[in-house]
Amino acid sequence: MTLTTPAKAPAEDSRWRALGIRADVRNLSLLGVLAVLVTVGGLTRPAEFLATSNLQLVLTQASVIGVVTVGMTFVITSGGIDLSVGAIVALASVWATTLATQEFGFAGILFTAVAVGVGCGLVNGVLIAYGGMVPFIATLAMLASARGLALQITDGRTQIVTVDAVLDLGVPDAYVLGIPPLVLVFAAVTAAGWLLLNRTTFGRRTVAVGGNPEAARLAGIDVRRQRLLLYVLSGLCCGIAAFLLIVLAGSGQNTNGNLYELDAIAAAIIGGTLLSGGRGTIVGSVLGVLVFTTITNIFALNNLQSDVQQIAKGAIIVAAVLVQRRSARDSDT
Amino acid sequence: MPETSRRHLLLGGAAVSAGALLTACTSNEPKNQTPAAGSAPAPGTDDKPGTPVTIGFAGPQADHGWLNAINDNAQQRAKKYADVTLEITEGSNETAAQIGQVQTLINKKVDVLVILPADGKALTQVGLQAMNAGIPVVNLDRVFASPQAYRCWIGGDNYGMGLNAGRFIGEQLKDKPNATVIELAGMDSLELTRQRTQGFDDALKNYPNIRKVARQAADFTVESGQAKMAQLLQAQPKFDALWNHDDDQGVGALRAIAQAGRKDFLMVGGAGAKSAMDAIKADDGVLKATVLYPPTMAASAIDLARALAQKKGIGGMAELEIPASITLYSAVVTKDNVDEYLPTGFS
């Protein structure tokens, strides 16, 4: 794949490369960060942090934003950005929890959430790919209007879900071999995202469009159609995330998904996806999400307040990007 | 003569205070009382039509249940009076937009203004403008920076919420040695959250056997309530009571508690949402009480605005003028009194 700009991996990685798994140095540094965090958690609150229920919680809490981040990784890899993810999650969750939708039970809620997510993604995609709008502006407009619509639908009220089949997915009885169903969905989306990005034509086109759109066009890729599909994919992920959030919070509220856009972008960036496009890593993004979720968990276990958590989050973003720049430079030379 | 006006004062007072709690409640008092003679201003306000009044109402965007209930309360209350016209602006959380809306109401020359500022400090100047233009301002809940900017302030008591939540929990746990409590606070960037926590801590000082072992701040949303409560439950495998600042985030907190399968503590909520009151009435979970921050204050603000325009005082009080400030009481709603408060619950 000549259009990609892979980081040169050390020679000993060749066996892994043959298997198609590139142990990216960036992912290794993130795994290091995660290992440090787990050690800190284990040392400060050994009984609570390493409890099975807590590990289940960390993964559950990573699931909703994790699914959004997988979609965001594709968009950023293609050189775009999706600022509307949080608002789409909000709109999908309130639409799926209106009394009318709840009448159709589990299927009604799931279908509505996904349909609204895909619909919003389609609007984003058409505006960007065929309307010639800059992704930043188009998705900013979607952010504003989707939140407005969510507020209008709920009238500011919290829509409580009464469909037991949905709520039951969030309780321990539903865990499969100790794994919460939400985490299974997250894992499935991650696996699908990894395959799609690394093993399909769609993935190669995404990287190509992000690396050099003109070259991609000359190579025969329908750049506009590709862009359209990428925003639909991001919208789809938002729809799935909205459903997970409904299971988790048992309700739809117009404030749902608040600031997801920033969390998802941050996770993708510290995971090693280039903001300028042309390189994306699903594994890195998921590690980025896990780093943030683990920090939040450790801080809460140690009863540190949210202001401290915010500062630490900022510091981690800076540190992770600095480490990556250094390791990228080292491995490129 | 003194007899008549005294009686009138008391009856009017009963009508106003009965109405103040229940929005839909209409007065049972006989309507044939003759007002104090002549055209002199009546000392106390009542339901009887008086001088026509136009009240301008400007509030923030109703982006959650409580603010929505505030708007409903103001509108329903205004409808109740034949002599009141309500000019309501579209809610906005943007300072500049809200200032513009209040200025429009000033230009329309409304008789009185009721303003619930999205940000009290930022709206102070426009409050002053209205007062200087001769339009009395009823400042609802979020207080202006200067007392010159309003004629009357009415609002909730955040410190009192914390205090009463702490007292209720204290009384429940006073005989339990080494009892522990945790707090799920609201948004830490808001002063009101700190006031609620301060009240709570002060109340707990009266119970040396109780210790607060953890506090996490959420964002007043269901999502944040669920996420932070799930963390707290992991962090504290055992505790006796939980105070949650807000019933909206309480919906999420209760989900987290159900998901963790915990029942070993009592929970007190805040604000007075209908869902919380229903749960208290059903008495089948950890939620045993909620401390009120009643949205009926908006209905009372309309009463006060009308009284101001008609130059009346509050019935039932000796004063000829309405007071400069009224702080509501943060009542604790429990299974015993929930039926009384259910009609005020918002969703």
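Analyst: A charge counts as sitting over a ring if NZ of Lys or CZ of Arg is within 6 Å of the ring centre and within 35 degrees of the ring normal. The model discussed here is predicted.

User: What makes the charged end of Arg306(B) one that sits over the ring of Tyr81(B)?

Analyst: The charged end of Arg306(B) is 4.0 Å from the ring centre of Tyr81(B), and the distance limit is 6 Å. Arg306(B) is therefore placed over the ring of Tyr81(B). In chain A, Lys313(A) lies over the face of Phe292(A), at 5.3 Å from the ring centre.

User: Why is the pair of Phe74(A) and Phe202(A) called tilted?

Analyst: A pair of aromatic rings is described by the distance of the centres and the angle of the planes. The centres of Phe74(A) and Phe202(A) are 6.3 Å apart, and rings pair if their centres lie within 6.5 Å. Their planes stand at 50°, whereas stacked requires under 30 degrees and edge-to-face over 60. The pair is therefore tilted. Phe74(A) belongs to helix 4 and Phe202(A) to helix 11 of chain A, 128 residues apart. Both Phe74(A) and Phe202(A) are buried.

User: Why is the pair of Phe106(A) and Phe243(A) called edge-to-face?

Analyst: The angle between the planes of Phe106(A) and Phe243(A) is 75°, and edge-to-face applies over 60 degrees. The distance is 5.4 Å centre to centre, against a limit of 6.5 Å. The pair ties together parts that are 137 residues apart in sequence, because Phe106(A) lies in helix 7 and Phe243(A) in helix 13 of chain A.

User: What makes Phe243(A) buried?

Analyst: The relative accessible area of Phe243(A) is 6%. Because buried means under 20%, Phe243(A) is classed as buried.

User: Why are helix 7 and helix 13 of chain A called roughly antiparallel?

Analyst: The axes of helix 7 and helix 13 of chain A cross at roughly 150° and come within 7 Å. Angles over 145 degrees count as roughly antiparallel, so helix 7 and helix 13 of chain A are roughly antiparallel to each other. Their crossing is right-handed.

User: What does UniProt list for residues 106–127 of chain A?

Analyst: An unreviewed UniProt entry lists residues 106–127 of chain A as one of the stretches named "transmembrane region". Over residues 106–127 of chain A, the chain is 100% helix and 0% strand, with the end C-alpha atoms 32 Å apart.

Technical notes:
Residues are numbered from 1 along each chain as its sequence is written. Chains are lettered from A and ligands numbered from 1 in the order in which they are written. This is a predicted model: local features need pLDDT of at least 70, side-chain atom pairs count only at pLDDT 80 or more; totals for chains, interfaces and linings use all residues. Side-chain values use heavy atoms; hydrogens and water are left out. Rings of Phe, Tyr and Trp (its six-membered ring) pair if their centres lie within 6.5 Å; planes under 30 degrees apart count as stacked, over 60 as edge-to-face and the rest as tilted. Helices (H or I, at least four residues) and strands (E, at least two) are DSSP runs, numbered from the N terminus. Buried means under 20% relative accessible area, exposed over 50%, partly exposed in between (1.4 Å probe, protein chains only). UniProt positions are given in the numbering used here, feature names are shortened, and annotations may be inferred rather than shown by experiment. Axes are lines fitted to C-alpha atoms, for helices over the stretch in contact, and angles run from 0 to 180 degrees between N-to-C directions. Angles under 35 degrees count as roughly parallel, over 145 as roughly antiparallel, 65 to 115 as roughly perpendicular and the rest as oblique. A crossing is left-handed if the near helix is turned anticlockwise from the far one by less than a right angle, and right-handed if clockwise.
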